[in-house]
Amino acid sequence: MDGAFASGTLIALALCAVVMLVNLASLRVAGRRIGAVRPGSTFPAGAPVSLVRPVCGLETFSEEMLTRGFRLDYPDYELIFCVADAGDPILPLLHRLIAAHPGVPARILVGDERVSDNPKLNNCVRGWEAARHAWVVLADSNVLMPPDYLQRLQAAWRADTGLVCSTPIGARPAGFMAEVECAFLNTLQARWQYAGEALGLGFAQGKSMLWHKPFLEARGGIRALAAEIAEDAAATKLVRAAGRHVHLVAAPFEQPLGPRSAGEVWSRQLRWARLRRVTFPLFFAPEIGTGALLPLGLGAAFVEGAPALLALAAMGALWYGAEYRLAARAGWHRSPRLLLAFLVRDAMLPALWTGAWMQSAIVWRGNAMDIRPKEADRLRPRIGTA
């Protein structure tokens, strides 16, 4: 019996060590890629750019985020703001900002096109079609744009690129649950985005997307992104089908968070998990092992003896220490509470993963959305629309 316990302990420790090493490898790969200089951009220097920003409602940092778009250090770009509702409270702010920056060509387009069940995509269609330039950036209203925002996107463009994007990095958290949101966005989700790109598996992120308009137009235009409930998932599949790659910016852009309640963090992460499960189920399935708490906790239930428990504790310390080191190296948010935020995040992960498999509906900005894949014959008219 003692031999059986010893064998079980060794197996449990070995399995936990394997999961830990996979995660440590992803942290190392991401750490080496984030912020690294990558020569070889093929983007035409100084090419004019259309910057399309869907906006909806006033948020904590709306004025600062939108003002940043008028202050980019770039010689030739236009701003197109897309507002679905003529009564949206964001409109007075937009009019004021446009009047305060007459040197930047800017317009507001009101009204959406119902090409999909995705309200954000519907809100972008008119802006995309009105864009004057061959290079178009679709950027969410809560992206913190540095002065060299466009140059940083362009620097990632290569000969094999179909799309350049940036994963959001949580910044300026107000309260502990906002730090938990940082733990999700930064050292977990952004880390795996960069590790995946290093393996040739770049995934699009809808926060900031740089497109060559003729490339997308040749494949159905922006309406082709209605093929999936999430426009970034559709973009990923479209780019891969064309034999191109999704590339990430060298250093991702921040998204200021402000205050977050537990319910807000839960609902947002559950929505994203369900979208990932529906659009990329084979990649979503292993997410259950991306947090330390579940594998190490299960390991603790199967091992015998204090030395084995100490070994598991050492694995946990190494795992979380490497996560914190990545945040420090990348210049992302960190605080003494971030380690506790890692633990809370990892406690949530199994429930989020399970919940993602149980339902195929989400609510986004008050819109109930069925996220089940659409039949191909329903998509053909949308994709072919000019």
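## Glutamate 181 and arginine 260

Glutamate 181 and arginine 260 form a salt bridge, with 3.2 Å between the closest N and O atoms; the term means a side-chain nitrogen of Lys or Arg within 4 Å of a carboxyl oxygen of Asp or Glu. Glutamate 181 lies in helix α6 (residues 176-198) and arginine 260 in the loop between β9 (254-259) and α9 (262-279), so the pair ties together parts that are 79 residues apart in sequence. Helices (H or I, at least four residues) and strands (E, at least two) are DSSP runs numbered from the N terminus.

Glutamate 181 counts as buried at 1% relative accessibility, and arginine 260 counts as buried at 17%. Buried means under 20% relative accessible area, exposed over 50%, and partly exposed in between (1.4 Å probe, protein chains only).

## Basis of the model

This is a predicted model, in which local features need pLDDT of at least 70, side-chain atom pairs count only at pLDDT 80 or more, and totals for chains, interfaces and linings use all residues. Residues are numbered from 1 along each chain as its sequence is written, and side-chain values use heavy atoms, with hydrogens and water left out.

## Other salt bridges

The count comes to 22 salt bridges. In one of them, glutamate 323 pairs with arginine 345, the closest N and O atoms being 2.7 Å apart. Glutamate 323 is in helix α12 (residues 306-330) and arginine 345 in helix α13 (residues 338-358), so this pair ties together parts 22 residues apart in sequence.

Lysine 120 forms a salt bridge with aspartate 140, at 2.8 Å between the closest N and O atoms. Both lysine 120 and aspartate 140 are buried. A network of salt bridges links Lys120, Asp140, Lys207 and Glu231.
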